Amino acid sequence: MRTLNYLLLPVRSPRESEKLYTRLLGREPVENSETFVLYVLPTGLKVGLWLASEMEPRPKAPGGLELAFTEQSRDAVLQTYEDWKKLGLKVLQEPTDMDFGFTFVVEDPDGHRLRPFVLAVNPR
């Protein structure tokens, strides 16, 4: 049986992206080189930041995929929003209620979308 447990994000500079993602993920990478940075999360999910110019086939423009982060409460979503704004991330969607819950979206320097959210009591 196949297991989906690895996300690869094409980036312009793995070392620069590492500075941001170490803060966002709250952990140090297990691998850190000029062309690739790897995080292993407590859930077992692996997130790799790969130098885009080294990937074959070449990746298309980012933005069609979102990395979603679950939060414990609305207050936690709002705190994350404030923290991430201070990191200079581009806000694509201000905190808002949607049919599934309370959320916002920012964009990292490589154009990858990041969405923290807390589920609504009765999501549609």
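Trainee: How many bridges join strand 2 to strand 3, and in which sense do the two strands run?

Mentor: Start with the general idea. Strands of a sheet pair through backbone hydrogen bonds, either parallel or antiparallel. Now the case in this predicted model. Two bridges join strand 2 to strand 3, residues 36-40. The two strands run antiparallel.

Trainee: Which residue of strand 3 stands opposite E31?

Mentor: L38 does.

Trainee: What sheet do these strands belong to, and in what order do its strands come?

Mentor: The sheet is open and has four strands. Their order is 1-4-3-2, and the pairing is mixed. Strand 1 (6-11) and strand 2 (31-32) stand at the edges. Each has a single partner strand, so one side of each is left without a neighbour in the sheet.

Trainee: Let me step back. How many helices and strands does the protein have?

Mentor: Two helices and eight strands. Read along the sequence, the pattern is β-α-β-β-β-β-α-β-β-β. The radius of gyration is 15 Å, close to the 14 Å that the globule rule gives for 124 residues, so the protein is as compact as a globular protein of that length. Along the principal axes, the C-alpha trace spans about 40 × 40 × 25 Å.

Trainee: Which residues of helix 1 are buried?

Mentor: Helix 1 covers residues 14-25. Its buried residues are P14, S17, E18, L20, Y21, T22, L24 and L25.

Trainee: Now contacts. What share of them joins residues 24 or more positions apart?

Mentor: Count the contacts with a separation of 6 or more. Residues 24 or more positions apart account for 45% of those.

Trainee: Where is L45, and which residues does L45 contact?

Mentor: L45 sits in the loop between strand 3 and strand 4 (46-51). Leave aside the neighbours within four places in sequence. L45 is then in contact with N5, Y6, L7, Y39 and V40. The C-alpha atoms of L45 and L4 are separated by 8.3 Å, though the two residues are 41 residues apart along the chain.

Trainee: Is L45 buried, partly exposed or exposed?

Mentor: Partly exposed, at 27% relative accessibility.

Trainee: And what does E66 contact?

Mentor: E66 lies in strand 5. Setting aside neighbours within four places in sequence, E66 is in contact with V105, R113 and R115. E66 is partly exposed, with a relative accessible area of 27%. From E66 to L89 is 23 residues in sequence and 14 Å in space, C-alpha to C-alpha.

Trainee: V105 came up there. Which residue is its bridge partner?

Mentor: Q93 pairs with V105 of strand 7. Strand 6 (residues 90-98) and strand 7 pair in the antiparallel sense over six bridges. Another bridge pair is V91 and V106.

Trainee: How many residues of strand 7 are buried?

Mentor: Six of its seven, so to read it simply, strand 7 (residues 101-107) is mostly covered.

Trainee: How many bridges join strand 7 to strand 8?

Mentor: Five, and these strands run antiparallel. Strand 8 covers residues 113-119. Here T103 has F117 as its bridge partner. This hairpin has five residues between the strands, and G111 takes a positive phi near 90°.

Trainee: Last one. How far apart are the mean positions of the positive and negative charges?

Mentor: They are 3 Å apart, for 16 positive and 18 negative charges.

How values were computed. Residues are numbered from 1 along each chain as its sequence is written. This is a predicted model: local features need pLDDT of at least 70, side-chain atom pairs count only at pLDDT 80 or more; totals for chains, interfaces and linings use all residues. Side-chain values use heavy atoms; hydrogens and water are left out. The radius of gyration is taken over C-alpha atoms; the globule rule is 2.2 Å times the number of residues to the power 0.38. Contact means heavy atoms within 4.5 Å. Lys and Arg count as positive and Asp and Glu as negative; His and the chain ends are not counted. The place of a charge is taken as NZ of Lys, CZ of Arg, CG of Asp or CD of Glu. Two strands pair if DSSP finds at least two bridges between them. Buried means under 20% relative accessible area, exposed over 50%, partly exposed in between (1.4 Å probe, protein chains only).
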